[in-house]
Amino acid sequence: MTLDILANLAYFCRGHTCGTSFLICLIPKRSIYDLRFFPPALMGIQVIYPFRQTHWFTWIEKPPPTRPARLGGKCHGLSLTSRQRGQLASDMGLTQGRTGELPRSDASVMASSQPRKEELSGSSAHMCECIVTHNFFVRSVGMHFEYDGDDAEFRHRYAGQLVDGDGDALSSLVVAGILAEVRQQRAERLQAPEESLARVQRIEESYRRLHPEVYTIDPKAFLAESFLELVEVLRGCQTSLRGVSSSLEDLKSRGLLQEKRPGLWTFKVFTEAFCDLLETELANFAASGLPCTAPNTMNQHGVILAELGFYPGLLNPLVYEYVDVLAGQLLPDHTEGLDSYRAFTVLYDAAADGDRDLALHYDNAEVTLNVNIGGSWAGGQVAFYGLATEEESDTPAEISLQRGHGVLHAGLDMHKALPITSGRRHNPVIWCRSSRVRNQLCPMCFRQPCVLPTCKYFDEGFTVPPCRLACEKHSETGCKPDSCHSDEDLYG
């Protein structure tokens, strides 16, 4: 079924439906797979676009398996980039104005889609409910799992996937150990926001900063001269593709920017002086003995930079005044303006108890900036395999960053850290988020987001509205899954 036919159906539906009527199209499997319109994590009905406030275009299909299933028993699914969403909506005559936007007559919806750079209170912080049901990573088997608290359902779901190298089912003892680890991770996630607030309070009361100046950005001292020039050139680019294209070619010819492959960019970000300051400040914190937590379930060594107080003076201006410009020009398909982020550090070390590698994954971000600030090591390259929405690249792009240099890539770009064989490397990572993109589809569960309130340190960048609170959805449907708790139960 072509887009022309769909557009005609859409036009007819707009003129001949009312209230709660629905247009349902049964689309051949091949068409969906080729156009990459449907997230295979979702089986059944998935609402993609509204015609008006009450008219919806609905797809029904059970899509074919896709490469992200290799992440381990979980089919993360395909999603539309901002440009693909805009093109589809445009073909259907649904857009007005900026590419990728849908018509909104409700003023509250319009206001909710605006950047939230100053909204840092807990009342405006939300995370998708999938945070307590999806993406539990078990290092021993290198797999991600889903788990909602139902042990029997977990065993049934993964009965055919928990096998050894010969294809034989793992022993019941091993499966029990995996389930115990997943259960523990879920319990930790349920308590994480409250524990984060307690850590922050203790750090504020007890930690004595070694270099207070590193917490407030000094562009000339902290940011490489080439980085400042790169940002200013792209900030001043004309909006036409020709203007951006010619500027990029000039920047690449001068060595200010490298394109390792389409959508994978490297450039110098920080000065040596800033790298020294940040590394010694983080080492000072580590030596303080104050509590910290692993940045995520895949990395065990590192810190969450918000908990140390780096956001207001250092990272907010870095993301909103500099990285946002780069993302908009270098990765326009993946962002409609950065308005939140999560920043942390990762430390890879060949020592016995260090993180030596990282399994294949993609990020909970629209755009990621990963910068090296120190270390001397062998191995440990980051290998990129292409977007989770595309066919796998035959030859991954491997990147090893010099000190102060960073790589900017789409959050959906599948990547892994190859084993470090000696030494150590230390990197801050910033998961940059665009609410206008993620409000339409959560990148971690590939569903329309149903969100839970949380503290600002666990904000995932969703806005309410247009996203719905999980408990509102469950009250309408009459169900109350285990993941739907009261604010007091989850977040203190």
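Predicted model: local features only at pLDDT ≥ 70, side-chain atom pairs only at ≥ 80, totals over all residues.

Q: What does the span of helix α11 show when set against that of a straight helix?
A: The expected span of a helix is 1.5 Å times one less than its number of residues. For 20 residues a straight helix would span 28 Å, whereas α11 (residues 311-330) spans only 24 Å between its end C-alpha atoms.

Q: Where does α11 bend, and by about how many degrees?
A: The bend lies at V323 and amounts to about 45 degrees.

Q: Why is α11 described as largely enclosed by the rest of the structure?
A: A residue is buried when its relative accessible area is under 20%. In α11, 15 of the 20 residues are buried, so the helix is largely enclosed by the rest of the structure.

Q: How many cavities of 30 Å³ or more does a search of the whole structure find?
A: The search finds 4.

Q: Which elements give two or more residues to the lining of the second largest cavity, and what classes of residue line it?
A: The elements are α10 (272-288), α11, β11 (367-371) and β17 (420-433). The largest share, 3 residues, comes from α11. By class, the lining has 12 nonpolar, no polar and no charged residues.

Q: What is the strand order in the open sheet of 3 strands, and which strands stand at its edges?
A: The order is β4-β18-β19, with mixed pairing. Strands β4 (126-128) and β19 (468-469) stand at the edges, each with a single partner strand, so one side of each is left without a neighbour in the sheet. Strand β18 (residues 450-453) pairs with β19 in the parallel sense over 2 bridges, and R468 in β19 is the bridge partner of C450.

Technical notes:
Residues numbered from 1 in each chain as written. Heavy atoms only, no water. Helix = DSSP H or I, 4+ residues; strand = E, 2+ residues; numbered from the N terminus. Bend = angle between axes of the 7 residues up to and from the residue. Buried < 20%, exposed > 50% of the residue type's maximum accessible area, 1.4 Å probe, protein only. 1 Å grid on protein atoms, 1.4 Å probe; cavity = no way out; pocket = protein on both sides within 12 Å on 5 of 7 lines; lining within 4 Å. Points joined across faces, edges and corners; volume = space filled by probe spheres on them. Nonpolar A, V, L, I, M, F, W, Y, C, P; charged D, E, K, R; others polar. Pairing = 2+ DSSP bridges.
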